[in-house]
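Student: Could we take a close look at the aromatic rings of this protein, please? I would like to know how they pair, and then what surrounds the ligands.

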Amino acid sequence: MKDRFGREIDYLRISVTDRCNLRCLYCMPEDIETVPMKEILTFEEIIDVVKCAVKLGISRIKITGGEPLVRRNVCHLIRMIKDIPGISQVTLTTNGLLLEEMIRELAGAGTDSINISLDTLDRDRYRCITGYDKLEAVQKGLESAIDLAIPVKINAVSVNWDRYFKVPGPEGDTGISKDIMDLIGLCEKKPVDVRFIELMPIGAGKDYPGIPHDLMIPMIQDHFAGMEKDSHHGNGPAVYYRIPGYTGRIGFISAVHGKFCDKCNRLRLTSRGYLKSCLCYDTGYDLKHVLRDGSSGSQREERIIDGLEKSILSKPDSHSFSQEEKITEKLTMSAIGG
Ligand code: SAM
Ligand code: SF4
């Protein structure tokens with residue numbers, strides 16, 4: 001279905017939990033309150049939403065969270081979604097902690113690709129950023145996905161951690177920290193795309209030194225002779241570059257400074273059943289209300305479709321991340337799903 005601005009909405013991000021086994025500084029403050037379990041959508045409710053969403057043209061689903069792999073039986077949900085006629089792709093975004101132990105089940109459920117969020121390859125910094133000494137588990141998870149030939153992308157937020165950790169010297173000023181260089185190094189030999197995402201001023205994200213991509217991309221290009229834009233972009237908003245001799249690509253998702261709102265194709269369903277129309281605002285539709293109002297059969301279906309349509313039609317033309325006073329979203333990213 002098209003929204004008011006003629007954009008085709010074919011992609012739904014579903015957050016299956018607001019809980020997480022990490023506490024990334026910019027995403028999930030330590031003292032955050034979690035949603036009571038009875039408020040969180042059941043698998044049956046999620047499946048009802050997806051079946052209706054397909055009727056409006058949604059064909060691709062991203063499973064997210066919180067950390068989606070901490071939701072019990074999440075692979076069963078992935079399988080059920082994959083089996084819905086009209087669904088072409090189910091992908092996952094994860095912090096990777098539980099990936100190694102779950103990779104076979106995820107592959108068996110038909111997971112089409114996996115994004116692993118990873119901001120540094122330095123063990124101490126990883127612990128400081130995420131609150132846990134678990135870098136090795138993520139690295140094993142990454143290897144296990146590569147071994148099974150599941151397409152993998154690494155997602156890192158573009159933050160100048162040198163500045164945050166007060167590292168003296170030129171790196172702290174240029175914005176290309178060792179973290180960024182190490183992450184780029186990952187795609188030299190490994191078949192993974194490494195993508196940088198501009199930090200959005202949502203929740204705790206406001207408090208960290210994000211690097212605008214219009215500064216970061218030229219600095220990276222200066223380092224890598226021959227780095228050139230790749231004409232093949234994929235479905236999402238990432239712009240990709242190739243470095244000569246590297247197996248994987250580098251991607252940039254310039255969510256704040258490189259507005260791609262005119263191509264926005266998505267809706268977001270939070271774990272408590274709110275259909276969000278844009279990351280920046282709290283507008284949307286409380287679908288849980290409909291899912292739990294006791295209606296059944298075709299009446300239930302009509303009401304869910306109506307909610308989805310209302311949410312699609314409430315999509316604004318663009319975000320206003322550069323004008324903080326206009327941001328109405330108060331949730332943390334862990335409650336939205338990114
Ligand atoms: N736990 C999973 C993970 O880390 O991939 C899924 C949920 S997490 C909220 C999804 C993505 O949102 C992660 O890649 C994370 O880095 C990103 N994220 C969190 N806060 C952000 C912010 N303020 N701006 C940009 N990306 C953010
Ligand atoms: Fe958890 Fe993902 Fe947020 Fe980190 S980014 S706290 S892993 S939800």
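Tutor: Let's begin with Phe-252, which counts as buried because its relative accessibility is 1% and the cut-off is under 20%. Please keep in mind that this is a predicted model.

How many aromatic pairs does the count come to? The count is nine aromatic pairs. In one of them, the ring centres of Tyr-26 and Trp-161 are 6.2 Å apart and the planes meet at 40 degrees, so this pair is tilted. For the label, remember that stacked needs planes under 30 degrees apart and edge-to-face needs over 60. The two partners come from distant parts of the chain, 135 residues apart: Tyr-26 sits in the loop between β1 (11-15) and α1 (43-55), while Trp-161 belongs to helix α6 (residues 161-164). Tyr-26 is buried, at a relative accessible area of 12%. Trp-161 is buried as well, with a value of 1%.

Now back to Phe-252. Its ring and that of Tyr-241 have centres 5.6 Å apart and planes at 85 degrees, so here the arrangement is edge-to-face. Tyr-241 is part of strand β8 (residues 239-242) and Phe-252 of strand β9 (residues 250-253), so the pair ties together parts that are eleven residues apart in sequence. Tyr-241 is buried too, with a relative accessible area of 9%.

Which residues do ring pairs link into a cluster? Tyr-26 and Trp-161 return here, joined by Tyr-164, Phe-165 and Tyr-208. A ring can also have a charge over its face: Arg-249 lies over that of Tyr-240, at 3.9 Å from the ring centre.

Next, the ligands. Ligand 1 is surrounded by 19 residues, and the closest are Gly-66, Glu-67, Thr-93, Ser-117 and Met-200. By class, this shell holds seven nonpolar, ten polar and two charged residues. A nitrogen atom of ligand 1 is 2.9 Å from a polar backbone atom of Gly-66. An oxygen atom of ligand 1 lies 3.0 Å from an N or O atom in the Thr-93 side chain. For Ser-117, an N or O atom of the side chain is 2.6 Å from an oxygen atom of the ligand. On its own, ligand 1 has 550 Å² of accessible area, and the protein covers 94% of that.

Around ligand 2 you will find Cys-20, Leu-22, Cys-24, Cys-27, Met-28, Gly-66 and Asn-95. Five of the residues in this shell are nonpolar and two are polar, with no charged ones.

Ser-144 is in helix α5 (residues 135-147), and its side chain reaches the backbone oxygen of Gly-141 at 2.7 Å. Ser-144 counts as buried because its relative accessibility is 10%. Glu-39 is in the loop between β1 and α1. With a relative accessible area of 24%, Glu-39 is partly exposed. From Glu-39 to Gly-86 there are 47 residues in sequence and 28 Å in space, C-alpha to C-alpha.

How values were computed:
Residues numbered from 1 in each chain as written. Chains lettered and ligands numbered in written order. Predicted model: local features only at pLDDT ≥ 70, side-chain atom pairs only at ≥ 80, totals over all residues. Heavy atoms only, no water. Near = heavy atom within 4 Å. Nonpolar A, V, L, I, M, F, W, Y, C, P; charged D, E, K, R; others polar. Phe/Tyr/Trp six-rings, centres within 6.5 Å; stacked < 30°, edge-to-face > 60°. Helix = DSSP H or I, 4+ residues; strand = E, 2+ residues; numbered from the N terminus. Buried < 20%, exposed > 50% of the residue type's maximum accessible area, 1.4 Å probe, protein only. Lys NZ or Arg CZ within 6 Å of the ring centre and 35° of its normal. Polar contact = N/O pair within 3.5 Å; in protein donor to acceptor, adjacent residues only side chain to side chain. Areas by Shrake-Rupley, 256 points an atom, 1.4 Å probe, with all protein chains shown as cover.
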